[in-house]
Amino acid sequence: MLDKKIYDEIFSRSFTIPIRVVFWDGKEKNYGPEGKSDITIKFNDKVPISEVVKHATLTLGEAYMDKKIEIEGSIQKLITSAYTQSDSFMSSLKLKKYIPKFNHSEEGNKKEIQEHYDIGNDFYKLWLDKTMTYSCAYFRTPEDTLEQAQMNKVRHILNKLNTKPGETILDIGCGWGTMMFTAAKEYGLKAKGVTLSQEQYNYVNQKIQDENLSDQMEVMLEDYREVNEKFDHVVSVGMFEHVGKDNLPGYFETVKSVLKPNGNALIHGITGQHYGVGVDAWLVKYIFPGGYIPDVKENVGHILDAGLQIDDLEPLRRHYQKTVEIWDHNFNKVVDQVDKMYGERFVRMWDLYLQACAASFESGNIDVIQFLLTNGPSGTAMPMTREYMTDLDKKTAE
């Protein structure tokens with residue numbers, strides 16, 4: 001009885017839209033503003049409130065994975081509502097005090113990256129686009145396909161760096177190599193990538209051989225901290241979220257150390273424009289082991305401490321919301337295949353993850369920002385105005 005009373009109190013201040021809740025005893029109640037609800041939370045079993053108070057997202061996420069909770073209607077819409085309501089359990093600082101800690105040794109980083117990215121190339125091929133890009137796309141027009149938008153993003157980054165043929169570029173956390181191959185084939189750069197994912201390394205290395213690009217490209221299965229060369233440019237997309245809070249200073253110091261004097265870097269990653277973004281216990285346990293999302297102030301502080309200077313910041317929150325919505329749409333078209341590969345619990349976990357991410361971007365709980373940095377006084381060896389970025393984008397689009 002006590003559990004139900006506390007749930008009633010929590011739900012009474014957690015939603016900005018009408019939500020219907022069916023409790024484990026069969027009784028129903030509506031929460032949020034008055035009106036017809038198109039979302040129902042159904043408890044098939046009682047989920048102890050003591051566990052929710054300790055780790056809200058972890059407990060409720062596992063309950064959904066295990067079918068103790070069912071959600072009829074849009075999970076994204078439900079979570080967006082909870083994040084938007086400032087007094088909800090999703091936003092309460094009291095419920096964010098239980099944060100796991102990680103040391104992020106090089107061996108630990110390798111294990112964490114492989115747990116997520118080495119699920120298998122066949123899995124990601126099912127719902128990513130042909131570029132195999134697993135990061136925020138860039139939609140220049142509403143009509144862009146996901147593949148077009150991912151290539152827009154790659155070229156947008158290379159255009160911001162104002163690269164010249166023959167220059168060198170390092171891709172920290174190179175993924176399946178789309179950035180590297182575009183840099184080499186379209187921009188005439190000599191590209192090197194590093195990854196800790198065996199699956200990604202095998203994929204990129206084989207493609208380099210297949211396309212006879214070994215004189216222009218190289219991929220290494222190593223930690224970014226092991227790189228000891230100097231480059232004209234550094235790019236790192238979706239990487240700093242993996243390094244951990246304690247290693248963020250060293251990450252930006254490494255970026256500086258591998259840049260030539262007045263070289264520049266484009267660092268693209270998930271961050272937050274408010275305090276307390278940090279760690280989510282469910283994501284850490286099931287999706288991104290060791291993950292930590294720094295807020296903008298943290299990143300800027302580490303950038304300055306490393307001796308780098310800022311040329312440009314660009315938020316892409318709405319672009320990532322749309323990207324993840326398309327991923328989830330693609331994922332749900334192949335759930336039968338994923339079910340056969342990994343089982344229903346895995347399917348529910350990934351669908352929840354993708355919809356929760358979309359909701360988090362939609363509500364502004366998290367953002368993604370591109371940081372354009374210079375190893376020297378800001379803007380050195382760069383055009384005087386930002387117009388070159390849009391001019392190059394238009395040129396490459398044509």
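This is a short talk on one predicted chain, from its overall build down to single residues.

Let me start with the ground rules. The model is predicted, so local features need a pLDDT of at least 70, side-chain atom pairs count only at pLDDT 80 or more, and totals for chains, interfaces and linings use all residues. Residues are numbered from 1 along each chain as its sequence is written, and side-chain values use heavy atoms, with hydrogens and water left out.

Confidence next. pLDDT is the predictor's confidence in each residue, from 0 to 100. The chain averages 90. At least 70 is reached by 91% of the residues. Contact here means heavy atoms within 4.5 Å. Where pLDDT is low, the predicted coordinates should not be read in detail.

Now the overall build. The chain has 16 helices and 11 strands. These are DSSP runs, numbered from the N terminus: helices are H or I with at least four residues, strands are E with at least two. How does the radius of gyration sit against the globule rule? It is 22 Å, close to the 21 Å that the rule gives for 398 residues, so the chain is as compact as a globular protein of that length. For the record, the radius is taken over C-alpha atoms, and the rule is 2.2 Å times the number of residues to the power 0.38. The C-alpha trace spans about 70 × 45 × 40 Å along its principal axes.

Of the 398 residues, 55% count as buried. Buried means under 20% relative accessible area, exposed means over 50%, and partly exposed is in between, with a 1.4 Å probe and protein chains only. Take the contacts with a separation of 6 or more: 72% of them join residues 24 or more positions apart. The accessible surface comes to about 18000 Å², and carbon and sulfur atoms hold 50% of that. Those areas come from the Shrake-Rupley method with a 1.4 Å probe; for residues, only the protein chains shown count as cover.

On to the aromatics. Rings of Phe, Tyr and Trp (its six-membered ring) pair if their centres lie within 6.5 Å; planes under 30 degrees apart count as stacked, over 60 as edge-to-face, and the rest as tilted. The count is 36 aromatic pairs. One of them joins tyrosine 124 and tryptophan 176: centres 5.2 Å apart, planes at 55°, so the pair is tilted. This pair links distant parts of the chain, 52 residues apart. Tyrosine 124 is in helix H6 (residues 121-127), and tryptophan 176 is in the loop between strand E5 (168-172) and helix H8 (178-185). Tyrosine 124 is buried, at 0% relative accessibility. Tryptophan 176 is buried too, at 3%.

Tryptophan 350 and tyrosine 353 make an edge-to-face pair, 5.0 Å centre to centre with 90° between the planes. They are 3 residues apart in helix H15 (residues 344-363), so about one helical turn separates them. Tryptophan 350 is buried at 1%. Tyrosine 353 is buried at 4%.

Stay in helix H15 for arginine 348. Buried or exposed? Arginine 348 is buried, at 10% relative accessibility. Beyond four places in sequence, arginine 348 is in contact with Tyr64, Met65, Lys67, Ile69 and Glu70.

Outside four places in sequence, glutamate 298 touches Lys245, Leu248 and Tyr292.

Back to helix H6, which also holds aspartate 122. Aspartate 122 is exposed at 55%. Its C-alpha is 9.8 Å from that of methionine 341, 219 residues away along the chain.

Last, two backbone points. Methionine 132 is not a glycine, yet has a positive phi of about 55°. Methionine 132 sits in the loop between H6 and helix H7 (146-160) and is buried at 5%. Asparagine 262, also not a glycine, has a positive phi of about 65°. Asparagine 262 lies in strand E9 (residues 259-271) and is partly exposed at 34%.
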